Amino acid sequence: MTEPSKPQIRQLLASTAAQAATFLESLDERGVAAPASLEELRGRFDVDLQDEPLDPQQVVDELVAAADRGIVAIPSGRYFGFVIGGGLPAALAADWMTAVWDQNAGLYVGGPAAAVAEETAGRWLIEILGLPSAASFAVVTGAQMAHFTVLAAARHRLLAAEGWDVNRDGLFGAPPLRVLVGADRHATIDRALRYLGIGTASVQEVTTDHNGRMDVGHLASLLDAADDPTIICAQAGEVNTGAFDPIDEICRLAEPAAAWVHVDGAFGLWAAVDEGRRHLVAGLDRADSWTTDAHKWLNVPYDCGLAFCAHPDSHRAAMAVRADYLVHAEDGGPREEMDWNPEFSRRARGFAVYAALRSLGRSGITNLVQRSCRHAERFARELSREPGVEVLNDVVLNQVLVRFHGSNADADAHTRAVVERVQHSGECFMSGTTWHGAQAMRISVVNWQTNDDDVGRAIAAVLAAHRR
Ligand SMILES: *Cc1c(COP(=O)(O)O)cnc(C)c1O
């Protein structure tokens, strides 16, 4: 086979764009869960790899056909599982161009436009989220790596204050660090600490209330009990309930102890863009580091997370890299992304973030947060009217936790059955969870497409599953 010609490549891209539009237009009718079984998908994909090259058009056509029944309609406005956004059209198109341009956004020289788009998007984000204007930032794969990035900065700074250079001397023999976390923190906090060599023996749990909010009285007593250098991991938006730790109070307690306050705001940080919900993150600008996701509420396609740090020197010290063959710009010059990121070579994620922010504008971002929260309130209001349906959380944001009491089965079994029936119906998708020992359905509203009609259809599907 010869190399594809320019007209053939143009034809391939045009037909792929048409397939993409067809998929997006199918979302109203398509079932939300993927209908295919594991066996079916293996049957479609697991062919012998042939010896000869294949025509790219054939490869893509067959890939799309093979994948179709194994695709979850995550971009649908009726996907309410986990906390998963859709892709804004401008962000999706910018993401296509990112692949086409194929920049290496590790260094300015590998993609000057990528570095500048990212620099601008970072500045916009710091401003709209109400973070200190001098904060540094990084665009990474998700909140997981965002935690890793800025907790590395925390580790560096706290040990430096003890006279210990972690870059030179590592952790062997280092002064002990201790980390205080809420009992309902996200699992990615523990995993980031594990990556950083901070074991579970150094982590202490602060008790939380029925909604997952940190008990500051308990935090204060733990802080008083020892004076080891301390990181406090607070949370803006618990993944089940949407609860916010009292950040202002936490920062006030942290100050005399010189503790580093990190805020996991994977989706909850966006409460800052809404005047009516900004009180939930009061004191946010007093923290030392923050993480959020662009692939959740900002509706940038996967994968894209954001880290921010109030101590740019420590951030850079923890991440920067030099090698003889790398051409770094002079200090005060352009952004060299790899000095802020754990990655070396990397995708130019800043383009899609830039496009998402521009396409929504300030009012569009606020509106997206407000209407998602309004949909969540409607879920809670209409579902809780039904006998046997109990909303477990205080609905402060976009998350609703629902438990179902059946007449014939215990509530845990009935709740599991309702979740399964709803997923199976294809009408919408909600995931299940165990909240403080009880089975529950989680409803998370973050998709830009979700409208009143979607919510109405989803409520009807949930009630039908409960009544059956
Ligand atoms: C989703 C989530 C994370 C993890 O984010 P990824 O982008 O999947 O790495 C961390 N914390 C909270 C509160 C989350 O909701």
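Colleague: Which elements each supply at least two residues of the lining of the second largest pocket?
Modeller: In this predicted model, they are α5 (112–128), β1 (136–140) and α11 (312–319).

Colleague: Which of them gives the most?
Modeller: That is α5, with four residues.

Colleague: How much space lies in that second largest pocket, and which residues are closest to its centre?
Modeller: The space comes to about 410 Å³. The pocket is lined by 23 residues, and E119, R316, G333, R335 and W340 are the closest to its centre.

Colleague: How does that lining divide by class?
Modeller: There are 10 charged, eight nonpolar and five polar residues in the lining of the second largest pocket.

Colleague: Now the largest pocket: how much space is there?
Modeller: The largest pocket holds about 1500 Å³ of space. Its lining has 45 residues, with A20, F23, L24, L92 and W96 nearest the centre. Two or more lining residues come from each of α1 (6–25), α3 (56–67), α4 and α14 (452–467). The largest share is that of α1, with nine residues.

Colleague: And what are the classes in the lining of the largest pocket?
Modeller: That lining has 25 nonpolar, 12 polar and eight charged residues.

Colleague: Changing topic, at what angle do α4 and α12 pack?
Modeller: Helix α4 (residues 89–101) packs against helix α12 (residues 350–384) at about 155°, and their axes are 8 Å apart. The angle is over 145, so α4 is roughly antiparallel to α12. The crossing of α4 past α12 is right-handed.

Colleague: Which residues meet there?
Modeller: From α4, A90, A91, A94, D95, T98 and W101 meet F351, A352, A355, A356 and S359 of α12. By class, this contact has eight nonpolar, two polar and one charged residues.

Definitions and conventions:
Residues numbered from 1 in each chain as written. Predicted model: local features only at pLDDT ≥ 70, side-chain atom pairs only at ≥ 80, totals over all residues. Heavy atoms only, no water. Axes fitted to C-alpha atoms, helices over the stretch in contact; angles between N-to-C directions. Parallel < 35°, antiparallel > 145°, perpendicular 65-115°, else oblique. Left-handed = near helix turned anticlockwise from the far one by under 90°. Contact = heavy atoms within 4.5 Å. Nonpolar A, V, L, I, M, F, W, Y, C, P; charged D, E, K, R; others polar. 1 Å grid on protein atoms, 1.4 Å probe; cavity = no way out; pocket = protein on both sides within 12 Å on 5 of 7 lines; lining within 4 Å. Points joined across faces, edges and corners; volume = space filled by probe spheres on them.
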